[in-house]
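Please examine the sequence and structure shown below.

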Amino acid sequence: LRSRINIVVGVLTGIVSGLGSAALIGLINTEVHSTASDFGYTPLIFCGLGFLVLLTHVASTIIVMRVGQTVARDLRMELSRRIISAPLRLLQQLGAPRLMANLTEDIGVLVDAFQMIPHMCINVSWVFGCLIYLCWLSWQLFMLVAAIIVIGIIIYRLSTAKAIKPLRAAREQ
């Protein structure tokens with residue numbers, strides 16, 4: 001339960017970081033195109049947004065990394081318990097290299113994938129924030145960009161479907 005709460009907090013702080021980054025872009029763009037010479041509260045807003053982005057990015061990364069390390073430790077402990085309780089004959093059939101690969105490499109790959117969550121949240125929310133800002137600037141340009149994104153996704157899915165099919169067959173074998 002505690003891990004789930006930490007994951008949710010890590011994801012939410014990542015989203016806040018991404019949206020804050022998009023807000024910084026909007027603020028900078030607004031000030032660059034502003035005709036007024038008085039900046040008013042802009043420097044304070046800029047510093048506040050910059051601090052918020054930095055703080056939430058670091059917090060998201062640390063939270064998810066800690067959860068990832070805890071999950072890795074728990075997985076290794078559980079796998080070690082299962083290895084210890086397994087019959088010797090089965091262990092000999094599997095072989096030491098395979099067991100070591102499970103303990104070190106396989107769990108490491110899972111943890112690495114898990115720890116990409118904050119970066120994914122930050123980047124996705126940053127893109128959505130920028131798309132919202134683009135829509136606010138020009139809905140026609142937003143529609144063009146959205147159409148290009150959809151076409152790109154369709155082309156990507158169709159091209160990778162051919163590559164994934166033989167990989168799935170190989171995995172099943």
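At 15% relative accessibility, T61 counts as buried, where buried means under 20% relative accessible area, exposed means over 50% and partly exposed lies in between, computed with a 1.4 Å probe on protein chains only. T61 is located in helix α2. The model is predicted: local features need pLDDT of at least 70, side-chain atom pairs count only at pLDDT 80 or more, and totals for chains, interfaces and linings use all residues. Residues are numbered from 1 along each chain as its sequence is written, and side-chain values use heavy atoms, with hydrogens and water left out.

**Extent of α2**

- Helix α2 covers residues 42-85; helices (H or I, at least four residues) and strands (E, at least two) are DSSP runs, numbered from the N terminus.
- The 44 residues of α2 should span 64 Å at 1.5 Å a residue, and the end C-alpha atoms are 64 Å apart, which agrees; the expected span is 1.5 Å times one less than the number of residues.

**Packing of α2 against α5**

- Two packed helices are described by the angle between their axes and the distance between the axes.
- Helix α2 packs with helix α5 (residues 117-137) at an angle of about 150°, and their axes are 8 Å apart. Axes are lines fitted to C-alpha atoms, for helices over the stretch in contact, and angles run from 0 to 180 degrees between N-to-C directions.
- The two helices are therefore roughly antiparallel to each other, given that angles over 145 degrees count as roughly antiparallel, under 35 as roughly parallel, 65 to 115 as roughly perpendicular and the rest as oblique.
- On the α2 side the contact (heavy atoms within 4.5 Å) is made by H57, S60, T61 and V64, and on the α5 side by I117, P118, H119 and I122.
- Not counting residues up to four places away in sequence, T61 touches P118 and H119.

**Other buried positions in α2**

- The buried residues of α2 include L49, T56, V67, G68, A72 and I83.
- V53, also found in helix α2, is buried, with a relative accessible area of 14%.
- V53 touches S17, G20, S21 and L24, not counting residues up to four places away in sequence.
- V53 and L158 are 105 residues apart in sequence and 36 Å apart in space, C-alpha to C-alpha.
- T42 of helix α2 counts as buried at 12% relative accessibility.
- T42 touches L27 and E31, again not counting residues up to four places away in sequence.
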